[in-house]
Amino acid sequence: METLEHELRSHPFVGDLQPAYLTLLASLARNVEFAAGAFLFREGARADRCYLLREGRVALEIATMARGHIIVQTLGAGEVAGFSWLLEPHEWQFDGRAIEPVRAVALDGDAVRAKCEEDPRLGFELMRRFAHLATGRLQSTRLRLLDVYGTAHATPH
Amino acid sequence: MQPRTEAARAQQPWLDREPWRVTATRRESHDTVTLELEPPAGRTFSFQPGQFNMLYAFGVGEVPISVSGDPEAPGPVRHTIRDMGAVTHALCARQAGQEVGVRGPYGTHWPVAEAEGGDVVVVAGGVGMPPMRSAFYHLIAHRDRYRRIVLLYGARTPADLLYPDELSSWRGRFDLDVQVTVDTAAGDWRGGVGVVPDLIGSAPFDPAATTAFMVGPEVMMRFTIRALMRAGVPDERIFLSAERNMHCAAAMCGHCQIGPFFVCRDGPVFSCRALGPWLRRREA
């Protein structure tokens, strides 16, 4: 448990939470490892985990019949993989695949949500962090929608 | 006709009519080609990293193209050109032995000397990699003068990445931190997928002792500037290369003007403190 608390304290997403909250989250967490190529989660499956990445990289991807599997985003150490567990219908929207050996802290999503219901201060603090995360990803998505490297990139001489 | 002196060229560079010869071409991607050019006999050429030449495709037109080679290496002068319109299409179609009009070098350069003693973060997006490559060659050639050197490079897809062999070589070095990301990729891609500004948060550098150089799409640079400043890099230590529609390269025609600046003369390399306020103007 002490190791998990230490790992949570050193993770940028939750490291500055109050010590009591870190102790609480550590009680709902476990260390996990995935070999390169293994799936952390699969599209359509029940989303019941949140992965705080410590090492390695994860590809969020979607499988298509026409183009095979397409990588939507990659995530690395210090980042969070998955927030589908947070909101209904608690279902993964993409596949999460390790593209390198991955070490992560997995939080029990159902239990964390229940604790957030019990303690709105914790709930607000976590929701604020996930809102920040979601906003950042939305902005990155907008940037990609602009296709900045396409024809808009240079003056067409 | 007597060859013009260097002093005469500096005074009236647009009168330089001796063509350069293409010695080799290299296809870098589906729409991008590198031309190696040899100056006319008796003519020497030197440039600072970040400067550009005006390349002329005879009978078609002239475009500004950054010199993308090693500023300290002898031999042909390299320009990497993206096929975007009539002139660049004509240039990309040039073959070894053919001729190209060249005048330059023009413009300001990356402040590589001022960055010595600190960390350097180099950010390139899309076809912004060629103008940055000459600076990166300089940083590598004088590796002992800098602390950490970080290269963050973004492109549309893996097929659009320029200089993949060099990237691979640089990534293999322990004294460089090279991160590459693309907007979208198939599942067999081993690199990153995402946008360049998002790489700033995890890049290893000391913001208080960092100089940042960036070139790429304007939108990418605006978001990267925000990320760098959020990380603590002061705006006077952030430098960017501006892209504008240059015609004369002599600060006369006004095509490349942004506010009080002529990009061909006062740029293309500007400090963020100087140019930043003009990037957000709808009419500049």
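Biologist: Which residue of E10(B) does Ile71(A) stand opposite?
Modeller: Ile71(A) stands opposite Ala185(B). This is a predicted model, in which local features need pLDDT of at least 70, side-chain atom pairs count only at pLDDT 80 or more, and totals for chains, interfaces and linings use all residues. Residues are numbered from 1 along each chain as its sequence is written, with chains lettered from A and ligands numbered from 1 in the order in which they are written.

Biologist: How many bridges join E5 of chain A to E10(B)?
Modeller: Two, and the strands, E5(A) being residues 68-75, run antiparallel. Strands (E, at least two residues) and helices (H or I, at least four) are DSSP runs numbered from the N terminus; two strands pair if DSSP finds at least two bridges between them.

Biologist: What is the strand order in that sheet?
Modeller: E2(A)-E7(A)-E4(A)-E5(A)-E10(B), five strands in an open sheet with antiparallel pairing.

Biologist: Which strands stand at the edges?
Modeller: E2 (39-41) of chain A and E10 of chain B; each has a single partner strand, so one side of each is left without a neighbour in the sheet.

Biologist: And how many bridges join E4(A) to E5(A)?
Modeller: Seven, again antiparallel, with E4(A) covering residues 58-64. Thr64(A) has Gly68(A) as its bridge partner in E5(A).

Biologist: Switching to the contacts: how many residues of each chain are involved?
Modeller: 32 of chain B and 26 of chain A, where contact means C-beta atoms, placed from the backbone, within 7 Å.

Biologist: Which element supplies the largest share on the chain B side?
Modeller: H5(B), with three residues.

Key:
Two residues are in contact if their C-beta atoms, placed from the backbone, lie within 7 Å.
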